[in-house]
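Good morning, and thank you for coming.

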Amino acid sequence: MARCPGICPRTWSGELVAIKAEVADYEVDFWPAGVPFESVGEVRNYFHWEDPYWASRENVRRVTARFFVRAPVYYLVHWNEGTLPADLDARVADGSVCAADFEGAVLAEPTNYTCLFCDAQLRAAVVDGANPILGKDRAARLRTHTFVRKCSLCHHGIAGGVVEFLPPL
C-alpha cells in the first residue's frame, strides 16, 4: 500500500474532520472515531441520525468512497470486537497506515434489513461483498469475521452478512 498523503484537515474551530487515506489502494475519506461526519453534498447511504452511533463504535470506522462521477458512498469498515489496531486513527492521519492495519476488517454498508421470520424492519451494517475496497483476501476476511446470527427482535436465526444491527434510536 502506498503511503497516504498525511493530510489531517481541521475545521475553522480546530476540530478534526475527514482524512484523505488509502485503504487497499483505494482513496477514501476516513473519519476517525468520534469525529462528526460532515459533507457539503449528497452522500449515498448516509443518514445523519445514525452516524453518532457508528462514530461511537470502537470497532468501526466510517469512510466515503467515490466511484466514477457519482456521489460518494458512505461505508463502514468493521472489525471484530477488540481487534481494531491501536492508534489506527493517528496512523491514518500521519500517513503511516498500511495494509496490515486493515487485516480482518470487512467493508459494510448501512442498509435496511427485513427479518424473514418476524418481518421486523431493522437498520443493519451488511457486508458489501462485491466492493473492491478491502476485496483482497475477501474469502479469508469473511471466514474469520464474526457475523450476527440472530434477529435482534425475535432471536430467530438469520443469514445475509449482517455484521451489526443498529439499535433503535
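The largest share of the lining of the largest cavity, 3 residues, comes from helix H3. Please bear in mind throughout that this is a predicted model.

How many cavities of 30 Å³ or more does the structure hold? There is 1 of that size, and the space inside the largest cavity is about 60 Å³. Two elements each give two or more residues to its lining, namely strand E5, residues 106-114, and helix H3, residues 138-144. Among the lining residues are Val106, Leu107, Asp128, Asn131, Arg138, Arg141 and Leu142.

Let me now step back to the chain as a whole. Its secondary structure amounts to 3 helices and 7 strands. In sequence order, these elements follow the pattern β-β-α-β-β-α-β-β-α-β. The chain has 169 residues, of which 44% count as buried. If we take the contacts between residues at least 6 apart in sequence, 54% of them join residues at least 24 apart. The accessible surface comes to about 9100 Å², and carbon and sulfur atoms account for 55% of that area.

Is Tyr74 buried or exposed? Tyr74 counts as buried, because its relative accessible area is 2%, and the cut-off for burial is under 20%. Which residue's side chain makes a polar contact with the side chain of Tyr74? The partner is Asp51, at 2.6 Å. Leaving aside residues up to four places away in sequence, Tyr74 also touches a number of others, including Phe37, Val43, Tyr46, Trp54, Val63 and Pro110. A further relation concerns Asp29, which is 45 residues from Tyr74 along the chain, while their C-alpha atoms are separated by 9.5 Å.

Arg62 is also among the residues that Tyr74 touches. Arg62 has its place in strand E3, residues 60-65. With a relative accessible area of 1%, Arg62 is buried.

My last topic is backbone geometry. Most residues other than glycine have a negative phi. Asn45, another residue touched by Tyr74, has a phi near 70°, a positive value in a residue other than glycine. Asn45 sits in the loop between strand E2, residues 26-31, and helix H1, residues 51-56. Its relative accessibility is 23%, so Asn45 counts as partly exposed.

The second case is His155, whose phi is positive at about 65° although the residue is not a glycine. His155 lies in the loop between H3 and strand E7, residues 162-165. Is His155 buried or exposed? His155 counts as exposed, because its relative accessibility is 51% and the cut-off for exposure is over 50%.

To close, I would recall the cavity lined in part by strand E5 and helix H3, and the buried residues Arg62 and Tyr74. Thank you for your attention.

Note on methods:
Residues are numbered from 1 along each chain as its sequence is written. This is a predicted model: local features need pLDDT of at least 70, side-chain atom pairs count only at pLDDT 80 or more; totals for chains, interfaces and linings use all residues. Side-chain values use heavy atoms; hydrogens and water are left out. On a 1 Å grid over the protein atoms alone, a cavity is a set of points where a 1.4 Å probe fits but cannot get out, and a pocket is an open set with protein on both sides within 12 Å along at least five of seven lines; lining residues have an atom within 4 Å of a point. Grid points are joined across faces, edges and corners, and a volume is the space filled by probe spheres set on the points. Helices (H or I, at least four residues) and strands (E, at least two) are DSSP runs, numbered from the N terminus. Buried means under 20% relative accessible area, exposed over 50%, partly exposed in between (1.4 Å probe, protein chains only). Contact means heavy atoms within 4.5 Å. Accessible areas come from the Shrake-Rupley method with a 1.4 Å probe; for residues, only the protein chains shown count as cover. A polar contact is a pair of N or O atoms within 3.5 Å; within protein, one must be able to donate a hydrogen and the other to accept it, and residues adjacent in sequence count only if both atoms are side-chain atoms.
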